[in-house]
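Me: Hi, I have a structure to go through. Can we take it bit by bit?
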Amino acid sequence: METTISLVNADRSMISDATLVEAARRGDMRAFERLYRLHSGRVMGLCLRMARRRDVAEDCVQQTFIRAWRNLAAFEGRSAFGTWLHRIAVNEVLTYARNHGTRTEANDADIDVDAAVDVARDGSGDVDAGEVMDVERALAGLPEGARNVMVLQAIYGYSHEEVADMLGIAVGTCKAQLHRGRHLLRERMGLQELES
């Protein structure tokens, strides 16, 4: 028990997700709580950008961590723990949209830009809130397919193959949606297309 407490109280740089996952698998709720604190901000950012509504995003984050806790034994470690959480979160957002008979489209009144700015800031220091709001509004206005691919690839850095797998689409579709999203984003931001 003393080892577990010292793991939870250790500085993030001194403790890996793998160590926390292993402790959580043995039933250490404090280790899982630490994983939650370390990853919930990025999971919230992903859900918020995909769902475009804070209430839906919060529900999806909660369901993501409930599902992660229940399925922790199934986590094989072939990818990073954060990547595994993102995959669960994407499934939660898509499942929510399917179950509620809605797409994750919204009108401008539904876009929670203040929440997006808070997520973008994520404790990382100075952020130009005006620029973040412009980008988040333009991103939020993209069609659902292009937005989801842009969020997962351009913001979170997943490969075409990973994004295609998470969204259940073909790699070619992923590439086409990314191209479409970039074009529309440049257009909405008033930026010129770069010559290829």
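**Pocket and helix contacts**

Reply: By class, 3 nonpolar, 3 polar and 4 charged residues line the second largest pocket. Ala, Val, Leu, Ile, Met, Phe, Trp, Tyr, Cys and Pro count as nonpolar, Asp, Glu, Lys and Arg as charged, and the others, Gly among them, as polar. This is a predicted model, where local features need pLDDT of at least 70, side-chain atom pairs count only at pLDDT 80 or more, and totals for chains, interfaces and linings use all residues. Residues are numbered from 1 along each chain as its sequence is written, and side-chain values use heavy atoms, with hydrogens and water left out.

Me: Which residues line the second largest pocket?
Reply: The lining is A74, F75, E76, G77, R78, S79, T83, W84, R87 and E162. On a 1 Å grid over the protein atoms alone, a pocket is an open set of points where a 1.4 Å probe fits, with protein on both sides within 12 Å along at least five of seven lines; lining residues have an atom within 4 Å of a point.

Me: Where does the largest share of that lining come from?
Reply: Helix α5 (residues 81–99) gives the largest share, 3 residues. Helices are DSSP runs (H or I, at least four residues), numbered from the N terminus.

Me: And what volume does the second largest pocket have?
Reply: About 160 Å³. A volume is the space filled by probe spheres set on the grid points, which are joined across faces, edges and corners.

Me: Back to α5. At what angle do α5 and α9 cross?
Reply: Their axes cross at roughly 40 degrees and come within 9 Å. Axes are lines fitted to C-alpha atoms, for helices over the stretch in contact, and angles run from 0 to 180 degrees between N-to-C directions. That makes α5 oblique to α9. Under 35 degrees is roughly parallel, over 145 roughly antiparallel, 65 to 115 roughly perpendicular, and the rest oblique.

Me: Which residues meet there?
Reply: T83, H86, R87, V90, N91 and L94 of α5 meet D165, M166 and L167 of α9. Contact means heavy atoms within 4.5 Å.

Me: Where does H160 sit?
Reply: H160 is in helix α9 (residues 160–167). Leaving aside neighbours within four places in sequence, H160 contacts Q153, V171, C174, K175 and L178.

Me: How far apart are H160 and V149?
Reply: They are 11 residues apart in sequence and 8.6 Å apart in space, C-alpha to C-alpha.

Me: New topic. How do α8 and α10 cross?
Reply: The axes of α8 (residues 144–155) and α10 (residues 171–189) come within 8 Å and cross at roughly 95 degrees. So α8 is roughly perpendicular to α10. G145, A146, V149, M150 and Q153 of α8 touch C174, Q177, L178, G181, R182 and L185 of α10. By class, that contact has 6 nonpolar, 4 polar and 1 charged.

Note on methods: Helix = DSSP H or I, 4+ residues; strand = E, 2+ residues; numbered from the N terminus.
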